[in-house]
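Every answer sets a value against a cut-off.

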Amino acid sequence: MRNKLLGTGETGYHPLRKIQVILSGLRYAIRYDFSFAYKFYLSLGILLTCFFLRQWVDFLFIMAATVLVLIAELFNSAIEAVCDFVETKENEKIKIIKDISAAAGGLAILYWAVVMLVELSRLWSVVVGYE
C-alpha cells in the first residue's frame with residue numbers, strides 16, 4: 001500500500017495483503033517472542049473454557065485484557081527492536097526509551113494478571129459447582 005506521507009510503497013489498497021501482513025506479524029510474534037506466546041496460549045485456553053461454559057462476561061473481560069497485553073507486548077518488542085537496530089552500543093537514552101516501553105508493557109501485564117486471577121477463580125467456582 002502506498003504511504004501518503006512518504007510517497008513510498010505500491011499504489012492501490014489490497015485488503016487481503018493487509019490481512020496477510022497482520023497474520024505474518026502475529027505468526028512471527030508467537031514463534032519468536034516468548035513473552036507474547038505464553039500470554040497468547042494461556043489466554044486462548046481460558047477463553048475457550050469460558051466459551052464452552054457460556055461465561056460470556058468472563059469471556060469478554062479476558063479477551064479485553066488479553067488484547068491489551070498483547071498489543072503492549074507487540075509495541076514493546078517493536079520499540080526494543082528499533083532501538084537495537086538504531087544503536088548497537090550501550091546508550092543511556094536508548095536505555096530510558098526501552099525502560100519506558102517495558103513499563104507500559106508491565107502495567108498491561110499487571111492488569112492482565114489481575115483479570116486472569118479473578119476470572120480463573122470465578123471459572124473454578126463454576127466448574128466445581130459452587131456458583
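Q: What kind of model is this, and which elements does the protein chain hold?
A: The model is predicted. The protein chain has 4 helices and 0 strands. From the N terminus on, the order is α-α-α-α.

Q: How do you know that the length of α3 agrees with its number of residues?
A: Helix α3 covers residues 56-86, which makes 31 residues. The expected span is 1.5 Å times one less than the number of residues. That gives 45 Å for α3, and the end C-alpha atoms are 45 Å apart, so the two values agree.

Q: Why is Ile46 called buried?
A: Buried means under 20% relative accessible area. Ile46 has 7%, so Ile46 is buried. This residue lies in helix α2.

Q: What does Ile46 touch, not counting residues up to four places away in sequence?
A: Ile46 touches Ile62, Met116, Leu120 and Leu123. Leu123 is 77 residues from Ile46 along the chain, yet their C-alpha atoms are separated by 9.0 Å.

Q: Which residues is Met116 in contact with, leaving aside neighbours within four places in sequence?
A: Met116 is in contact with Leu42, Ser43, Ile46 and Ile62.

Q: What makes a set of residues a nonpolar core, and how many residues has the largest one here?
A: The members must be buried, come from a list of residue types such as Ile, Met and Cys, and be joined through side-chain atoms within 4.5 Å. The largest nonpolar core has 16 residues. Those with the most contacts inside this core are Ile46, Cys50, Ile62, Val69, Trp112 and Met116. Two or more residues each come from α2, α3 and α4. Helix α3 gives the most, with 6 residues.

Q: Which residues of α3 are buried, and what do they pack against?
A: Among them are Phe59, Ile62, Val69, Leu70 and Cys83. Asp58, Glu73 and Asn76 are also on the list. The buried residues of α3 pack against α2 (34-52) and α4 (92-128).

Q: Gln55 lies in the loop between α2 and α3. Is Gln55 buried or exposed?
A: Its relative accessible area is 16%. The cut-off for buried is under 20%. Gln55 is therefore buried. Leaving aside neighbours within four places in sequence, Gln55 is in contact with Cys50, Leu123 and Val126.

Q: Why does Arg54 count as exposed?
A: Exposed means over 50%. Arg54 is at 60% relative accessibility, so Arg54 passes. Arg54 is found in the loop between α2 and α3. Its phi is positive, about 60°, although Arg54 is not a glycine.

Q: Which residues form the nonpolar patch on the surface?
A: Leu16, Ile19, Ile22, Leu23, Leu26 and Leu74 form the patch. Together they have about 560 Å² of accessible area. Helix α1 (residues 15-32) supplies the largest share, 5 residues. Patch members need over 30% relative accessible area.

Notes
Residues are numbered from 1 along each chain as its sequence is written. This is a predicted model: local features need pLDDT of at least 70, side-chain atom pairs count only at pLDDT 80 or more; totals for chains, interfaces and linings use all residues. Side-chain values use heavy atoms; hydrogens and water are left out. Buried means under 20% relative accessible area, exposed over 50%, partly exposed in between (1.4 Å probe, protein chains only). Contact means heavy atoms within 4.5 Å. Patches are made of residues with over 30% relative accessible area and no salt bridge: like charges are joined within 9 Å, nonpolar side chains (Val, Leu, Ile, Met, Phe, Trp, Tyr) within 5 Å. Accessible areas come from the Shrake-Rupley method with a 1.4 Å probe; for residues, only the protein chains shown count as cover. A salt bridge is a side-chain nitrogen of Lys or Arg within 4 Å of a carboxyl oxygen of Asp or Glu.
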